[in-house]
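Here is a note for a colleague who has not looked at this model before.

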Amino acid sequence: MTARRLLTPANAVLVVVVVLLLALPAFGTDFFVRFVMTQTMILGLIAATIVFLTSHGGMISLAQLLLAGIAGFMFGNAALESGARGLNLGWPPWVAVVFALGVTTVVAFLLGALASRTTGIYFLMLTLVYGVIGYFFFAQVVTVSGPGGVTSIVAPEPFTDPVNLYYAAVVLSVLAYLAFRAIGRTNFGLALQGVRDDPVRMSSLGFNVALHRTLAFTLGGLVAGVAGLLNVWWRGQIDPASIAIGPTLIVLIIAVIGGISYFEGAWLGALVYVLLNTYTKSIPLIDRIGLTPDRFNTVIGLIVLLIMVLSPEGLVGILERAGRGRGVSKPTEHSIELPTTSPTTVQTGGREP
Amino acid sequence: MADTSIQSARHDVARRLPGLVVPLVLALAVLWVLFLARGTPAEPAVRDPGRFAVTLLDGITSAGLFFVVASGFTLIFGLMRTVNMAHGSLFLLAGFTAISLQQAMVGKTRNIAPADVSLVSWIVPLLAAAALAAVLGVLLQQVFLRWNQGQELRQALITIAISVVLADQMLRQFGGLAKTMVWPGAVSHFIEIFGERYATSRLFMLAVAVVVGVALWLWLTKTRMGMVIRAGVDDEPMVRALGINVTLVFAVTFFVGAFLAGAGGVMGASFAGVATGKDGDWLLNSLVVVIIGGLGSIKGAVAGSLLYGLVVAFSPAYLPTQYTFYAVILSFVLLALVLAVRPYGLYGRPA
């Protein structure tokens, strides 16, 4: 790939955004950097795994927050030496990191293998069941958590500083963004998109459809696990309520607000969500129709409803359409109906990996 | 899975393996419950038949409630391929509404004793609240789902957004405390089964569920509308081409599906109470039942709710005492076993 081909407007915008994000601690307030933006990066990273599985695999997963939570719980159990709850294994923090990511990856592989024969709406429902059963697991099994969760978790050394943690979240987000985009051009990514568009044809061409879906889900789970570690370091604790059905749907909603077919959309949606969550509470809304500051979920629900009714491509889709000029609403592969009806836009030139 | 591809012998074994594992697991489970379950809260069934009978009844009565809620979900999906993620919200709304109505009819807001509640002041709130859920369901379908028919994921996301809004508004309206509907005094007794006391209200709930199930079955098999719906499940374009008003059929189906969610909500409010967050639990219950049974199949809803109800009842009673809190995993094991053998559920068909 030549330098000229890399110099597209989109990539230029990306570089500017990354530079701005890295420079942010120099001019942003502490609260904005440490609370708003760190949270945005973490939620965006989790949402990006949903975007990856949806856009490349045709699998809308509601289990990503559970996988992030598993990493968090495992880190807490492994790293703490003493605490009210959990196993308190007292391992060195980086061993705990490896352990947490390992467990998350294995769980993701098993759950993915079980779900790999379904797609679309079935996959959505099955992964929602995963998410809720996972919540009940951590809420009930007192050996690893119990309803109170695991508390007083400390991040490993350089990340105890909130600004360093913010940098880590930015760098990992950028890496995940680039990696997810690059995967789409590898043999594996192309085959995965083939599986998304026409599983029967891919199967008769000799590709192992279930294995491709399982591996994609495992990769998504690993990245979600990384985000889960950042999250538990940032919060210093994790409890089952944070992976219950409400937050699970919120993560999907973040991906939807940004645009479920666009990787950028994950972080944009997270930013919009966190900004709304943080700042609308101080704006007095009209109490009569039920929009008090406490009614934040009503606001976010209505926004999602509006987006889904008007433009299922989300904010990035709306921006892109505005950028292309009016009137040209040509249907691209960025359609919400990815799994079944999208045209076969990917040439499956790759050999079977 | 492509049926056209040539399967090697190795694949054949891999395919048959789940078929062998399932009967084995089933046999082990029965053996365990009957003879081996020492050191569990319930003890083996041969030693404590009373506890076994009660657990079995618990499972079947829960299954009745699961069926009422899940049949509405599966009915809507079967015909329209719409996954109504707001199903739990309709359940919860009907539960809260029926409790308010019952309080108004009895004339007390707290400490209602079963003796205060006549059969009428249980059934009228049930019908009214279920009708409210049904009307809301039809509105939801007409306003938000009618024009994007066939876009399954968009519809799922729209109903998720609606469920978020409804949950928040119900929290505002009814508060965050758990509330319970009171069973009518006529059915609030205890009977004796193998020396164990058993609440007749649970048997009453099962009876209501059976009535609902039979009515649903008669409606689907013996009436013209039911036949149209069954035909629509099999081949919707053909039904449309025959000049049948499919729009009306869709609206009626959504009405009935939402009514069932509402009726289940009132039964659930009497059985276990309702509170904020229960909408998610009951959406989960419906999902598990229809994933096990197969989406869109009423037969599947019966089979799924029975299996799920039995597992939910038996797992806390027959796991070793120090592992009782792992009971939730067994629901997941059930799901995994069924999906390993039949990816689309027991009676399901690929889309």
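1. A definition is needed before the cavities. On a 1 Å grid over the protein atoms alone, a cavity is a set of points where a 1.4 Å probe fits but cannot get out, and lining residues have an atom within 4 Å of a point. Grid points are joined across faces, edges and corners, and a volume is the space filled by probe spheres set on the points.

2. This is a predicted model, in which local features need pLDDT of at least 70 and side-chain atom pairs count only at pLDDT 80 or more, while totals for chains, interfaces and linings use all residues; side-chain values use heavy atoms, with hydrogens and water left out. Residues are numbered from 1 along each chain as its sequence is written, and chains are lettered from A, and ligands numbered from 1, in the order in which they are written.

3. How many cavities of 30 Å³ or more are there? The count is five. The largest cavity has a volume of about 70 Å³. From chain A its lining includes A:Thr118, A:Tyr122, A:Met125 and A:Leu126; from chain B it includes B:Val290, B:Ile291, B:Leu295, B:Leu339, B:Pro343, B:Tyr344 and B:Gly345. Helix H6 (120–140) of chain A and helix H10 (278–293) of chain B are the elements that give two or more residues to this lining. Helices (H or I, at least four residues) and strands (E, at least two) are DSSP runs, numbered from the N terminus. H6(A) gives the most, with three residues.

4. The lining of the largest cavity divides into nine nonpolar residues, two polar and no charged. Here Ala, Val, Leu, Ile, Met, Phe, Trp, Tyr, Cys and Pro count as nonpolar, Asp, Glu, Lys and Arg as charged, and the others, Gly among them, as polar.

5. The second largest cavity holds about 40 Å³ of space. Its lining residues are B:Leu92, B:Phe96, B:Ala167, B:Met170, B:Leu171, B:Phe174, B:Gly175, B:Thr276, B:Gly277 and B:Asp279. Helix H3 (87–106) and helix H5 (152–174) of chain B each supply at least two residues of this lining, and H5(B) has the largest share, four residues. By class, the lining has six nonpolar residues, three polar and one charged.

6. Is A:Ser61 buried or exposed? A:Ser61 is buried, with a relative accessible area of 0%; buried means under 20%, exposed over 50%, and partly exposed in between (1.4 Å probe, protein chains only). This serine is found in the loop between helix H3 (30–57) and helix H4 (64–79) of chain A. Not counting residues up to four places away in sequence, A:Ser61 touches A:Ile50, A:Leu53, A:Phe123, A:Thr127 and A:Phe217, where contact means heavy atoms within 4.5 Å. The side chain of A:Ser61 also reaches the backbone nitrogen of A:Ala63 at 3.1 Å.

7. A:Pro312 counts as buried at 13% relative accessibility. The C-alpha atoms of A:Pro312 and A:Gly44 are separated by 18 Å, and the two residues are 268 residues apart along the chain.

8. In chain B, strand E1 (residues 190–193) and strand E2 (residues 196–199) pair in the antiparallel sense over four bridges; two strands pair if DSSP finds at least two bridges between them. B:Ile191 stands opposite B:Tyr198 in E2(B), and B:Glu192 has B:Arg197 as its bridge partner there. The hairpin has two residues between the strands, and B:Phe194 takes a positive phi near 50 degrees in it. B:Phe194 is exposed, with a relative accessible area of 64%.

9. Most residues other than glycine have a negative phi. B:Arg81 has a positive value, near 55 degrees. This arginine is found in the loop between helix H2 (49–80) and H3 of chain B, and counts as partly exposed at 28% relative accessibility.

10. For chain A as a whole, the secondary structure comes to 15 helices and zero strands. Of its 353 residues, 54% count as buried. Among the contacts in chain A with a separation of 6 or more, 77% are between residues 24 or more positions apart.

Methods:
Polar contact = N/O pair within 3.5 Å; in protein donor to acceptor, adjacent residues only side chain to side chain. 1 Å grid on protein atoms, 1.4 Å probe; cavity = no way out; pocket = protein on both sides within 12 Å on 5 of 7 lines; lining within 4 Å.
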